[in-house]
Amino acid sequence: MRYGIISDVHSNLTALEAVIKELEGLGVDRFLCPGDVVGYGPDPSECISRIRSLDAAVVLGNHDAAVCGLLDIDWFNPFAREAVLWTRHRISENDVKWLSMLPLSCDLETWVVVHSSLAQPEMFPYVHSLSTAKACFEQMANWKACFIGHSHISEVYVWQEGARGIDRISLRDGGELQLKEGYRYILNCGSVGQPRDGNPHAACALFDTEEMTFHLLRVPYDIAEVQMRMREADLPDVLIERLEYGL
Ligand code: ZN
(Lines give C-alpha, C1' and ligand atoms only; values in the text may rest on other atoms or scores of the structure.)
Protein backbone atom coordinates (compact mmCIF):
# COMPACT_ATOMS: atom_id res chain seq x y z
CA MET A 1 0.00 0.00 0.00
CA ARG A 2 1.25 3.45 -0.89
CA TYR A 3 -0.24 6.29 1.11
CA GLY A 4 -0.03 9.87 -0.11
CA ILE A 5 -0.07 12.19 2.91
CA ILE A 6 -1.25 15.77 2.63
CA SER A 7 -1.70 17.83 5.76
CA ASP A 8 -2.48 21.42 6.68
CA VAL A 9 -3.73 22.37 3.24
CA HIS A 10 -5.14 25.57 4.74
CA SER A 11 -7.35 26.58 1.81
CA ASN A 12 -4.44 26.80 -0.63
CA LEU A 13 -5.77 25.11 -3.78
CA THR A 14 -2.73 25.91 -5.94
CA ALA A 15 -0.40 24.14 -3.51
CA LEU A 16 -2.90 21.30 -3.10
CA GLU A 17 -3.10 20.64 -6.85
CA ALA A 18 0.73 20.69 -7.07
CA VAL A 19 1.17 18.03 -4.37
CA ILE A 20 -1.64 15.83 -5.72
CA LYS A 21 -0.03 15.89 -9.16
CA GLU A 22 3.37 15.02 -7.70
CA LEU A 23 2.04 12.16 -5.56
CA GLU A 24 -0.23 10.72 -8.24
CA GLY A 25 2.78 10.73 -10.59
CA LEU A 26 4.62 8.52 -8.08
CA GLY A 27 1.63 6.21 -7.55
CA VAL A 28 -0.74 6.48 -4.59
CA ASP A 29 -3.31 3.90 -3.45
CA ARG A 30 -4.90 6.04 -0.79
CA PHE A 31 -4.62 9.60 0.47
CA LEU A 32 -4.40 10.49 4.16
CA CYS A 33 -5.02 13.98 5.45
CA PRO A 34 -4.01 14.77 9.05
CA GLY A 35 -6.29 17.83 9.23
CA ASP A 36 -6.59 21.57 8.70
CA VAL A 37 -8.10 21.52 5.23
CA VAL A 38 -9.24 25.13 5.78
CA GLY A 39 -8.06 28.35 7.44
CA TYR A 40 -5.57 31.03 6.27
CA GLY A 41 -5.84 30.70 2.47
CA PRO A 42 -8.29 31.90 -0.21
CA ASP A 43 -9.92 28.62 -1.38
CA PRO A 44 -11.68 26.88 1.52
CA SER A 45 -14.66 25.41 -0.33
CA GLU A 46 -12.54 24.38 -3.34
CA CYS A 47 -10.04 22.58 -1.07
CA ILE A 48 -12.82 20.73 0.75
CA SER A 49 -14.27 19.58 -2.61
CA ARG A 50 -10.86 18.48 -3.89
CA ILE A 51 -10.01 16.55 -0.73
CA ARG A 52 -13.45 14.90 -0.83
CA SER A 53 -12.86 13.93 -4.48
CA LEU A 54 -9.77 11.95 -3.37
CA ASP A 55 -11.84 9.89 -0.93
CA ALA A 56 -9.03 10.52 1.56
CA ALA A 57 -9.00 9.45 5.21
CA VAL A 58 -9.27 12.89 6.85
CA VAL A 59 -9.12 13.87 10.51
CA LEU A 60 -10.25 17.08 12.20
CA GLY A 61 -7.73 19.92 12.58
CA ASN A 62 -8.07 22.83 15.00
CA HIS A 63 -8.84 25.26 12.15
CA ASP A 64 -11.46 22.88 10.74
CA ALA A 65 -12.98 22.66 14.24
CA ALA A 66 -12.92 26.45 14.67
CA VAL A 67 -14.54 27.12 11.31
CA CYS A 68 -17.48 24.82 12.05
CA GLY A 69 -17.90 26.12 15.61
CA LEU A 70 -16.48 23.13 17.50
CA LEU A 71 -13.53 25.09 18.93
CA ASP A 72 -13.49 28.50 20.58
CA ILE A 73 -11.54 30.99 18.44
CA ASP A 74 -10.41 32.89 21.54
CA TRP A 75 -7.53 30.38 21.49
CA PHE A 76 -6.37 31.71 18.11
CA ASN A 77 -4.01 34.59 17.36
CA PRO A 78 -5.75 37.62 15.80
CA PHE A 79 -4.72 36.75 12.21
CA ALA A 80 -5.80 33.13 12.47
CA ARG A 81 -9.06 34.32 14.04
CA GLU A 82 -9.67 36.75 11.20
CA ALA A 83 -9.06 33.97 8.67
CA VAL A 84 -11.50 31.67 10.50
CA LEU A 85 -14.22 34.35 10.42
CA TRP A 86 -13.48 35.06 6.73
CA THR A 87 -13.69 31.32 5.95
CA ARG A 88 -17.04 30.90 7.71
CA HIS A 89 -18.62 33.28 5.21
CA ARG A 90 -17.22 31.47 2.20
CA ILE A 91 -18.14 27.87 2.71
CA SER A 92 -21.50 26.15 2.24
CA GLU A 93 -23.68 24.49 4.85
CA ASN A 94 -22.68 21.21 3.29
CA ASP A 95 -18.98 22.07 3.78
CA VAL A 96 -19.62 22.92 7.45
CA LYS A 97 -21.46 19.64 7.92
CA TRP A 98 -18.61 17.67 6.35
CA LEU A 99 -15.99 19.41 8.54
CA SER A 100 -18.02 18.87 11.70
CA MET A 101 -18.27 15.11 11.02
CA LEU A 102 -14.49 14.60 10.76
CA PRO A 103 -13.08 12.28 13.45
CA LEU A 104 -10.24 13.33 15.80
CA SER A 105 -8.21 10.30 14.77
CA CYS A 106 -8.23 7.54 12.21
CA ASP A 107 -7.10 4.02 13.17
CA LEU A 108 -5.48 2.13 10.28
CA GLU A 109 -4.55 -0.84 12.53
CA THR A 110 -0.75 -0.61 12.29
CA TRP A 111 -0.83 3.15 11.72
CA VAL A 112 -2.84 6.00 13.16
CA VAL A 113 -3.61 9.51 11.90
CA VAL A 114 -4.26 12.49 14.19
CA HIS A 115 -3.90 16.25 13.66
CA SER A 116 -1.94 17.22 16.76
CA SER A 117 -1.01 14.44 19.21
CA LEU A 118 -2.45 11.20 20.58
CA ALA A 119 -2.12 12.80 24.03
CA GLN A 120 -5.37 14.76 24.47
CA PRO A 121 -6.08 15.21 20.74
CA GLU A 122 -9.23 17.22 21.52
CA MET A 123 -6.99 19.94 23.03
CA PHE A 124 -4.77 20.09 19.90
CA PRO A 125 -1.38 20.16 21.68
CA TYR A 126 1.73 20.50 19.50
CA VAL A 127 4.34 17.78 19.09
CA HIS A 128 7.35 20.08 18.71
CA SER A 129 9.83 18.83 21.32
CA LEU A 130 11.14 15.60 22.77
CA SER A 131 8.83 15.90 25.79
CA THR A 132 5.68 16.46 23.69
CA ALA A 133 6.75 13.60 21.40
CA LYS A 134 7.15 11.38 24.50
CA ALA A 135 3.58 12.15 25.57
CA CYS A 136 2.38 11.10 22.12
CA PHE A 137 4.48 7.90 22.08
CA GLU A 138 2.98 6.96 25.46
CA GLN A 139 -0.46 6.76 23.84
CA MET A 140 0.65 4.74 20.81
CA ALA A 141 -0.55 1.33 22.03
CA ASN A 142 0.08 -1.11 19.16
CA TRP A 143 0.49 1.48 16.44
CA LYS A 144 3.93 1.49 14.80
CA ALA A 145 3.62 4.96 13.35
CA CYS A 146 1.51 8.02 13.96
CA PHE A 147 0.96 10.56 11.18
CA ILE A 148 0.51 14.10 12.40
CA GLY A 149 0.45 17.69 11.13
CA HIS A 150 -0.35 20.89 13.08
CA SER A 151 3.16 22.37 13.54
CA HIS A 152 3.71 22.79 9.75
CA ILE A 153 7.24 21.43 10.22
CA SER A 154 8.44 18.39 8.25
CA GLU A 155 10.12 16.18 10.84
CA VAL A 156 10.14 12.76 12.41
CA TYR A 157 10.44 11.54 16.01
CA VAL A 158 11.88 8.06 16.49
CA TRP A 159 11.71 5.94 19.63
CA GLN A 160 13.37 2.56 19.94
CA GLU A 161 11.02 0.37 22.00
CA GLY A 162 12.34 0.12 25.55
CA ALA A 163 14.93 2.88 25.11
CA ARG A 164 14.97 6.06 27.21
CA GLY A 165 15.76 8.58 24.51
CA ILE A 166 13.89 9.87 21.48
CA ASP A 167 15.56 11.02 18.25
CA ARG A 168 14.37 13.95 16.17
CA ILE A 169 15.09 14.09 12.42
CA SER A 170 14.44 17.13 10.25
CA LEU A 171 13.08 16.51 6.75
CA ARG A 172 12.82 20.22 5.93
CA ASP A 173 14.41 19.81 2.52
CA GLY A 174 12.83 16.44 1.79
CA GLY A 175 14.35 12.98 2.03
CA GLU A 176 13.58 9.36 2.66
CA LEU A 177 13.46 7.55 5.96
CA GLN A 178 13.63 3.77 6.25
CA LEU A 179 11.40 2.50 9.06
CA LYS A 180 12.83 -0.36 11.12
CA GLU A 181 11.45 -3.18 13.28
CA GLY A 182 11.47 -2.47 17.00
CA TYR A 183 11.06 1.28 16.54
CA ARG A 184 8.06 3.61 16.73
CA TYR A 185 7.64 6.75 14.68
CA ILE A 186 5.80 10.06 14.78
CA LEU A 187 5.79 11.27 11.19
CA ASN A 188 4.99 14.91 10.53
CA CYS A 189 4.66 15.50 6.79
CA GLY A 190 4.63 19.31 7.22
CA SER A 191 2.15 21.64 5.56
CA VAL A 192 0.86 21.79 1.99
CA GLY A 193 -0.56 25.29 2.15
CA GLN A 194 1.52 27.21 4.71
CA PRO A 195 4.93 25.66 5.55
CA ARG A 196 6.68 27.08 8.63
CA ASP A 197 10.04 25.32 8.53
CA GLY A 198 11.85 27.89 6.41
CA ASN A 199 11.17 26.07 3.13
CA PRO A 200 8.28 27.71 1.23
CA HIS A 201 7.70 24.73 -1.07
CA ALA A 202 4.56 22.70 -0.36
CA ALA A 203 5.26 19.63 1.78
CA CYS A 204 3.73 16.17 1.36
CA ALA A 205 4.82 12.56 1.83
CA LEU A 206 4.62 9.13 0.34
CA PHE A 207 4.50 6.22 2.78
CA ASP A 208 5.13 2.77 1.30
CA THR A 209 4.06 -0.02 3.67
CA GLU A 210 5.88 -2.75 1.70
CA GLU A 211 9.22 -0.96 1.41
CA MET A 212 8.57 0.62 4.84
CA THR A 213 9.77 3.97 3.59
CA PHE A 214 8.55 7.47 4.41
CA HIS A 215 9.50 9.84 1.60
CA LEU A 216 9.10 13.54 2.33
CA LEU A 217 8.70 15.70 -0.78
CA ARG A 218 8.88 19.47 -1.22
CA VAL A 219 6.95 20.69 -4.23
CA PRO A 220 7.28 24.19 -5.75
CA TYR A 221 4.06 25.98 -6.69
CA ASP A 222 3.02 29.45 -7.83
CA ILE A 223 3.15 31.29 -4.48
CA ALA A 224 2.76 34.76 -6.07
CA GLU A 225 -0.54 33.73 -7.66
CA VAL A 226 -1.94 32.60 -4.30
CA GLN A 227 -0.71 35.80 -2.62
CA MET A 228 -2.45 37.87 -5.29
CA ARG A 229 -5.75 36.09 -4.65
CA MET A 230 -5.30 36.51 -0.88
CA ARG A 231 -4.80 40.26 -1.39
CA GLU A 232 -7.97 40.41 -3.50
CA ALA A 233 -9.79 38.55 -0.73
CA ASP A 234 -8.48 41.09 1.82
CA LEU A 235 -6.89 38.44 4.03
CA PRO A 236 -4.32 39.68 6.61
CA ASP A 237 -0.94 40.83 5.17
CA VAL A 238 0.98 38.68 7.66
CA LEU A 239 -0.65 35.55 6.24
CA ILE A 240 0.10 36.63 2.68
CA GLU A 241 3.77 37.51 3.26
CA ARG A 242 4.72 34.42 5.24
CA LEU A 243 4.00 32.11 2.28
CA GLU A 244 7.08 33.28 0.36
CA TYR A 245 9.40 32.70 3.35
CA GLY A 246 7.83 29.47 4.51
CA LEU A 247 7.65 30.83 8.06
ZN1 ZN B 1 -2.42 23.95 10.50
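Colleague: How do the residues of the lining of the largest cavity divide into nonpolar, polar and charged?

Modeller: In this predicted model, the lining of the largest cavity divides into six nonpolar, five polar and no charged residues. Among the lining residues are Gly41 and Gly193, and Gly counts as polar under the classes used here. The elements that give two or more residues to this lining are α7 (223–232) and α8 (237–245).

Colleague: What makes a set of points a cavity, and what makes it a pocket?

Modeller: A 1.4 Å probe fits in a cavity but cannot get out, whereas a pocket is an open set. The largest cavity holds about 40 Å³ of space, and the count comes to one cavity of 30 Å³ or more. The largest pocket holds about 300 Å³ of space. Of the 17 residues that line this pocket, the closest to its centre are Asn62, Trp75, Phe76, Phe124 and His150. By class, the lining of the pocket has eight nonpolar, six polar and three charged residues.

Colleague: Why is threonine 87 called buried?

Modeller: Buried means under 20% relative accessible area; threonine 87 has a value of 0%, and therefore it is called buried. Threonine 87 is found in helix α4 (residues 78–88), and, leaving aside residues up to four places away in sequence, it touches Val38, Gly39, Pro44 and Val67.

Colleague: How do you know that the side chain of threonine 87 has a polar atom within 3.5 Å of the backbone oxygen of alanine 83?

Modeller: The distance between the two atoms is 2.6 Å, and the limit for a polar contact is 3.5 Å, so the distance lies within that limit.

Colleague: What makes glycine 190 count as buried, although it is found in a loop?

Modeller: The loop in question runs between β10 (183–189) and β11 (202–208), but the class rests on relative accessible area, and at 0% glycine 190 is under the 20% cut-off, so it counts as buried. Leaving aside residues up to four places away in sequence, glycine 190 touches Ser7, Asp8, His152, Ile153, Ser154 and Ala203.

Colleague: Which residues touch the most other members of the largest nonpolar core?

Modeller: Of its 50 residues, these are Ile6, Leu16, Val37, Ile51 and Leu99. Helix α1 (residues 13–26) gives the most to this core, with six residues. A second, separate core of 23 residues includes Leu108, Val158, Leu171 and Leu216. In soluble globular proteins, nonpolar side chains tend to be buried together.

Conventions:
Residues numbered from 1 in each chain as written. Predicted model: local features only at pLDDT ≥ 70, side-chain atom pairs only at ≥ 80, totals over all residues. Heavy atoms only, no water. Helix = DSSP H or I, 4+ residues; strand = E, 2+ residues; numbered from the N terminus. Buried < 20%, exposed > 50% of the residue type's maximum accessible area, 1.4 Å probe, protein only. Polar contact = N/O pair within 3.5 Å; in protein donor to acceptor, adjacent residues only side chain to side chain. Contact = heavy atoms within 4.5 Å. 1 Å grid on protein atoms, 1.4 Å probe; cavity = no way out; pocket = protein on both sides within 12 Å on 5 of 7 lines; lining within 4 Å. Points joined across faces, edges and corners; volume = space filled by probe spheres on them. Core = buried A, V, L, I, M, F, W, Y, C linked by side-chain atoms within 4.5 Å.
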